[in-house]
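Please read it beside the structure shown here.

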Amino acid sequence: MIKVERLKKSFGDLEVLKEISVEIKPQEVVVVIGPSGSGKSTFLRCLNLLESITGGKVMIKDQDLTAKGTNINQVRTNVGMVFQQFNLFPHKTVLENIMMSPMKVRKWQRKQAEEKGLALLRKVGLYEKAHVYPDSLSGGQKQRVAIARALAMEPEIMLFDEPTSALDPEMVGEVLEVMKDLAKEGMTMVVVTHEMGFAKEVGDRVLFMDGGYIVEENVPIALFDNPQQERTKAFLSKVL
Amino acid sequence: MGVFSIEIVREYLPFFLKGAMVTVGASLAGILIGSILGLFMGIGRISKSWWIRYPFIWYINAFRGTPLFVQILLIHFGLIPLIMESVNPLVSLIVTLSLNATAYIAEIFRAGIQSIDRGQMEAARSLGMTHVQAMRYVILPQAFKRMIPPLGNEFIVLLKDSSLGAIIAAPELMYWGRAAQGQYYRVWEPYLTVAIIYLILTLSLTYLLNYIERRLDTA
């Protein structure tokens, strides 16, 4: 589904991703953990080219993102993304937030987009909030709307960039619940998070990143209970 | 010099009102053309390609960095005769006001666009929108609200600056004020009347802009 080959990313002289290679299968849930500054968010943002790539290759469903003739907008419709800061559109109601892309990008009729939007709101438990503005929602509600908005494009892949890091602790659970449901339905997911519990429970595989490399990767139980690398051990001893 | 002569005001009032119409017309034209050109220039001004960005930056530098008075003379006596057969001071005035306002409005648009959080563009692009779609449906509607107060300022300045058209004999409000002064060698009657008419125009514009701002605020 996603194939990353020797991916490199620099900001000026700063080499953030040194050489990343990884393959993610359909329906797999991959959790990326690591200390801040390890490059995990940058890695995620390279998967839909929100960051330009300095070297190497990213393939989504066998389509090379940086190849000539690749329509990146087309690729992005198949790769949803959820941000730490939600990034809802404040000038639109909750429902309009969700309907915008299907209507403008997929050229759906209003009625079809509205039905899809309301169905998604029901799914994330916010049906009654359809016509309010994002301003009046709590952080957890905003993030659930953001997930619904991404799902409206019916993507096959979802990227989560620290989706619960900006939330008050009592709201983390409601967002993780929605994500768990998605995983159960077979969504291919890449999740950058500090929620080790989520990684253990939902992840099929955990990548530990540090210093621009994937230092260690394994199924959650093995990585958490029996880390092989010193850096992994050091990190886990601090966060667990 | 004697008491205030209401007779002079009465005699010239029709001309002042006609001049006020010209002032309003030229200002509206300047605002309209300046806003359209300013939008494109404001967007071009933040382009990633230097060969788009730099000409705009220098256009803005030139028009913000030189007096409008100088611009109006250069355009009326220099530029317009180069491109048009017959020279019309009103056309020169509108062209000057438009080109000048473009520079200021471009900066207002740029600041408005850049004041919107980067995450908005990223969210829009991550949903598959093109850059143009993201600008049109996500960035500009939000930026526009924040641009209203500085735009209002610019419109008021522009309306007052149109009085410089008098120097090239564009028949706007100040032109008639000078005409009355020239005929009777009186200062208070023509200039005070003209000042009050300008004040009425700018206050009306202020109320209109406040109204628009309130309307957009609740939307």
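Patches are made of residues with over 30% relative accessible area and no salt bridge, like charges being joined within 9 Å and nonpolar side chains (Val, Leu, Ile, Met, Phe, Trp, Tyr) within 5 Å. Accessible areas come from the Shrake-Rupley method with a 1.4 Å probe, and for residues only the protein chains shown count as cover. This is a predicted model, in which local features need pLDDT of at least 70, side-chain atom pairs count only at pLDDT 80 or more, and totals for chains, interfaces and linings use all residues. Side-chain values use heavy atoms, with hydrogens and water left out.

On the surface, Phe4(B), Ile6(B), Val187(B), Trp188(B), Leu192(B), Ile196(B) and Ile200(B) form a nonpolar patch that together has about 710 Å² of accessible area. Helix H8 (residues 188-218) of chain B contributes the most, with 4 residues, while Val187(B) lies in the loop between helix H7 (173-184) and H8 of chain B. Helices (H or I, at least four residues) and strands (E, at least two) are DSSP runs, numbered from the N terminus.

## Contact between chains A and B

The contact (heavy atoms within 4.5 Å) takes 23 residues from chain A and 19 residues from chain B.

Across this interface the rule finds 1 salt bridge (a side-chain nitrogen of Lys or Arg within 4 Å of a carboxyl oxygen of Asp or Glu), in which the side chains of Arg45(A) and Glu122(B) meet at 2.6 Å, N to O. On the side of chain A that touches chain B, the elements giving two or more residues are helix H2 (72-77), strand E6 (79-82), helix H3 (94-104) and helix H5 (139-151) of chain A.

Note on methods
Residues are numbered from 1 along each chain as its sequence is written. Chains are lettered from A and ligands numbered from 1 in the order in which they are written.
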